Amino acid sequence: MTRMEQYPYQPPEPHHRDGASRGTGHGHRAHEGGGDGGPGPGHSHGHSHGPAAPVSQHLRKVIAAILVPFTAAVLVGLVVLWPGQAPSHKRTGVGFDRQTQQATVTRVVEVSCKSVNASGGPSTGDTSTAEGTSAQQRGDGTCKKATVQVDTGKDKGRTFTEIVQPDQTRQLHQGEKVVVAYEPSAPKELQYAVTDVNRQFPMALLAGIFAVAVVLVGRLRGVMALVALAVSFLVLTLFILPAILEGANPLVVAVVGASAIMLIALYMCHGLSARTSVAVLGTLVSLSLIGVLGSLFIGWAALTGNTDDSTGLIHGLYPSIDMSGLLLAGVIIGSLGVLDDVTVTQTSAVWELHEANPSMGWRGLYRAGIRIGRDHIASVVNTLVLAYAGAALPLLLLFSIAQSSVGTVANSELVAEEIVRTLVGSIGLVASVPVTTALAALVVSADRPGPDATAPAGARPAPARGGRGRRRKR
């Protein structure tokens, strides 16, 4: 189906119609600029990626004047804050801060819990409490005695026994791969203990299925999205986390790291074009708003960021880390992924609206784009709130069991952190719709009345409809 069949109007300039009739159904876009870019012929990207609306050299210079200094500042921040080596510490043996090895359960037999003293001590006979009932069940029940063989480390091949009580959540099975903790200062028979199940294979398989699905559906863009995801993970693990551990300000590190991820991911996935640059600008403005609001309300609500065992352990190992700053950094990084989705969608929507009706001014484009954005933001905010609620479901269940009031639950720091995180991120998402839509509408409509669109040289669209003309103007 040709482009002319999609539009109910006729372009006002005769040479535009001529350009379209002489082309392959897409030739009229020669005077508009091209696709998203790429080294190949312009039409090869127009079918799958969508056309890019006209952007003059003047506007490209304006966008570059904003983004080039910003990119340079991000690079300088990466160089200045790039971590050397995180300060060493003596392992506490608590939580994640302990030595672990891989092991295999080689044998499991059933034994009487009394014979292995699994009750943890003599029962008082009082079954009126949960502790007393549990102790009686352990004493009267059947336990499992598992023989576990260490598969890695200096004690490879060594075996030890693990008693599994009947009321334990995790039951061991013969042949199961497990993770064991190692404490060298403990007595020899107590140095190893099973702490978790080895999930490397199912997790790797799931990641492989995800990658295949993305490539099958997204094709080249899916591949680029996976590459961008890998780069984002590298920035997180090689820069953000070590820099925070080294003592750098978590907020500054998060801003620099999130900006680097944003630039890499957006341009890698969507091409180096004015359309992508507008999405970058919209994301930058929204992230700035999230940072300001997050800093204000985290301080106002007196949130310390030290609310559970993990954050407590971090604070104990590295007292110099600003835990409230770490909380704000998490809000910024957590909001970035959803922001990218919203800003890219809004920018693309405005670009396509302009393609469908080039006669629309920026006000008309803004109104049409904001209608699309309202539907998008309603679903995104709901998704974000439900995602946080799902992650905090066990905590909310505990409050429900305790029959706490809504006010009491919301006032507790554990829940207040999630509320602030959710609401600040959602405000940034809501703001990103009008901001990005307005920027895109202004940029995409600014060239229409300009000399670049109406110059007498418009009689040359036919030579420009090859690959070079499409890449020249974005």
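## Basis of the description

Residues are numbered from 1 along each chain as its sequence is written, and side-chain values use heavy atoms, without hydrogens or water. In this predicted model, local features need pLDDT of at least 70 and side-chain atom pairs count only at pLDDT 80 or more, whereas totals for chains, interfaces and linings use all residues.

## The buried face of H8

Helix H8 spans residues 309-317; helices are DSSP runs of H or I of at least four residues, and strands are E runs of at least two, numbered from the N terminus. Thr-311, Leu-313 and Leu-317 of H8 are buried (under 20% relative accessible area, 1.4 Å probe, protein chains only). Viewed down the axis of H8, the buried residues lie within an arc of 160 degrees, so they line one face of the helix; the arc is taken from the directions from the helix axis to the C-beta atoms. The cover over these residues includes helix H9 (323-356), contact being heavy atoms within 4.5 Å.

## Aromatic residues

The whole structure holds 4 aromatic pairs (ring centres of Phe, Tyr or the six-membered ring of Trp within 6.5 Å; stacked under 30 degrees between planes, edge-to-face over 60, the rest tilted). Phe-160 and Tyr-192 form a stacked pair, at 5.8 Å centre to centre and 20 degrees between the planes. This pair links distant parts of the chain, 32 residues apart: Phe-160 belongs to strand S3 (residues 159-164) and Tyr-192 to strand S5 (residues 192-197).

Phe-160 counts as buried at 9% relative accessibility, and Tyr-192 is buried at 6%. Together with Tyr-182, Phe-160 and Tyr-192 form one aromatic cluster.

## Helices H10 and H13

The axes of H10 (residues 362-391) and H13 (residues 413-446) come within 9 Å and cross at roughly 160 degrees; axes are lines fitted to C-alpha atoms over the stretch in contact, with angles from 0 to 180 degrees between N-to-C directions. H10 and H13 are therefore roughly antiparallel (over 145 degrees; under 35 is roughly parallel, 65 to 115 roughly perpendicular and the rest oblique).

Methods: Buried means under 20% relative accessible area, exposed over 50%, partly exposed in between (1.4 Å probe, protein chains only).
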